[in-house]
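Let us walk through this structure together. Start with one stretch of chain, then look inside, then see where the chains meet.

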Amino acid sequence: MPKTLAEKVYDAHVVRSAEGEPDLLYIDLHLVHEVTSPQAFDGLRAAGRTVRRPDLTMATEDHNVPTLDILSPIADPVSRAQVEALRTNAAEFGIRLAPMGDRDQGIVHVIGPQLGLTQPGMTIVCGDSHTSTHGAFGALAFGIGTSEVEHVLATQTLPQYRPKQMAVTVEGRLPEGVSAKDVILAVIARIGTNGAAGHVIEYRGSAIEALSMEARMTICNMSIEAGARAGLIAPDQTTSDFLQGRPHAPQGADWDAAVAHWRTLRTDEDAVFDAEVVLDAAELTPFVTWGTNPGQGLPIGESVPDPAAMTDENERRAAEQALAYMGLTPGTPLREIGVDTVFLGSCTNGRIEDLRTAAELLRGKRIDGNTRMLVVPGSVGVKLQAEAEGLDRVFTEAGAEWRGAGCSMCLGMNPDQLQPGERSASTSNRNFQGRQGKGGRTHLVSPSVAAATALTGKLTAPADLADVAP
Amino acid sequence: MQPFTTHTGTAAPLRRSAVDTDQIIPAEYLKRITRTGFEDGLFVAWRRNEPDFVLNQPQYADATVLVAGPDFGTGSSREHACWALLDGGFRVVISSRFADIFKNNSTKSGLLTVVLPQADVDALWAAAEADPTTQVTVDLQARTVSYGATTVPFEVDEYTRWRLLEGLDDVGLTERHLADVEAYEAGRHPWLPKALPAR
């Protein structure tokens, strides 16, 4: 029977299948961070259990990490205790940890690919919904809760039900200044914030094949914002070029065998998807969100929508609540929305390519005098590479702040937060109420829109900059 | 996990769609390393900022069944969202559609998530608003939601129902199949990466 890529990966990991029960799926890599793991380790201790495969488990510190003064102890005692709990647990259960100050530290979804631990055809889980990021390599990767973290630690498996299959096909060439972030924001706006519930999304088509690994990770990362269980992209030459030579990538004869296997990881021609969404790359423009969920987005040339024009009652009520929270008036052109803060970073857009894209727009210029810009590399590795390329100086000379690696302003768990009423253009993944700090107002954007917005102080597409006086 | 058989209580009508887990419990409460005591973070921003928020209304303060709009529990995978609802006194959440991870987490923590068609949710909202003392019974044995003269069926897969009725721990269930896990491990590709030792 013809199969999709996701079905092939799923089937290759079924340990046990029985009528009327979920399948038991083997997990090739378990990534762990400080927030969703302490209760799982406590559960192991209470039951007298061990970690079955510490060699398939990797931990790091990211959510609570301050991005300034990173070598001092964390000032917030509650954050510090959570990070210290991870250190204690990693030591007790024999798990490798990349702590603050370590060369391998960073956002969990940035370091997995960076180290070459993320490879095609694997199953990867983490107590974090953005685990879908790793699907960019053709892995089946998904977020889990703390009870499931405990289950994977104890057994290296998870009970799972077979997901449905959705294809998102993007054909053609993306216009200049339009990026992976715009593609995925457009997809989410099309199908809704839970529109892919129960499905794994496979992204395919010529526009997807043309993307770099960093861009593919941006797209897969936000699969969860469309409600998908996971999102993935078939591995190809771009994938193996990215992996070759990384610390945990196969070497020698193993490399050849692995690549030969990776070539089989494609959706069969006659495979059937339960749903399909088709986008024309050439019609896409920079996309920004206006509301309080990632599905409430529009092309930057549009205006704030009018809830009164919405026919679905739930949609209208949600839009009214969103506009009240965001302090926006229907009909306002999105380009006229002024922002206080620009955040460039996160597991969505904190990779080297994202920093290069933004730096190119900022080189030799100054950001708007009333706007602050935080640039936060996704990992220490990204930070060091950016500094080697001189990108840190481009940012600081433009008036932006160059920070240490971590989740930073993507979520309010560390000192980088919006103040009540403060408005941001953010390259992160969630514009939920209070996500970036209590009362903060978030517009999700791509790295190039973030940089252009920092220069003007208003939501701006890179193509608009030609009209701006130097 | 606390078993769930049947539950009777009053219902809180939460007329919002796409309630994300950041609203159920914001990130700052996730710094704690315990598994209980999250009731102070439950819907805290809405409770603080919106005087007429449903859970600020005294007639719904003791509700144990939350009736929400579609797409409840989107966003972050934090199981703390389920824990906060349980700690806040809820045993059941009813919606026409849940986000996958939230629904999955709920089955691991003993919070029952019930999917009903939006028309049934609308009727339950109307009943709880007309009379906040309306007793709602959610019977997992019979797979029904009942209030007043109304009884509506709901679907739940047999395996999840059995686990919830018995309050079973998944790890214990999986440990019965360790021989299958070992057999699987023997056939894994040799080139697959190991995090240890560091290279």
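Helices (H or I, at least four residues) and strands (E, at least two) are DSSP runs, numbered from the N terminus. Over residues 1-118 of chain B, the chain is 25% helix and 18% strand. The C-alpha atoms at its ends are 30 Å apart. UniProt, in an unreviewed entry, lists this stretch as "domain: Aconitase A/isopropylmalate dehydratase small subunit swivel". UniProt positions follow the numbering used here, feature names are shortened, and annotations may be inferred rather than shown by experiment.

The model is predicted: local features need pLDDT of at least 70, side-chain atom pairs count only at pLDDT 80 or more, and totals for chains, interfaces and linings use all residues. Residues are numbered from 1 along each chain as its sequence is written, while chains are lettered from A and ligands numbered from 1 in the order in which they are written.

Now go inside. A nonpolar core is a set of buried Ala, Val, Leu, Ile, Met, Phe, Trp, Tyr and Cys residues joined through C-beta atoms within 7 Å. Buried means that 20 or more other C-beta atoms lie within 10 Å of a residue's own, with C-beta atoms placed from the backbone. The largest such core has 198 residues. B:Leu66, B:Val67, B:Leu85 and B:Ile94 have the most contacts inside it. Helix α6 (residues 180-191) of chain A gives the largest share, eight residues.

Finally, see where the chains touch. Two residues are in contact if their C-beta atoms, placed from the backbone, lie within 7 Å. The contact takes 51 residues from chain B and 69 residues from chain A. On the side of chain B, α4(B) gives the most, with six residues.

Key:
Buried ≥ 20, exposed ≤ 12 C-beta atoms within 10 Å, placed from the backbone.
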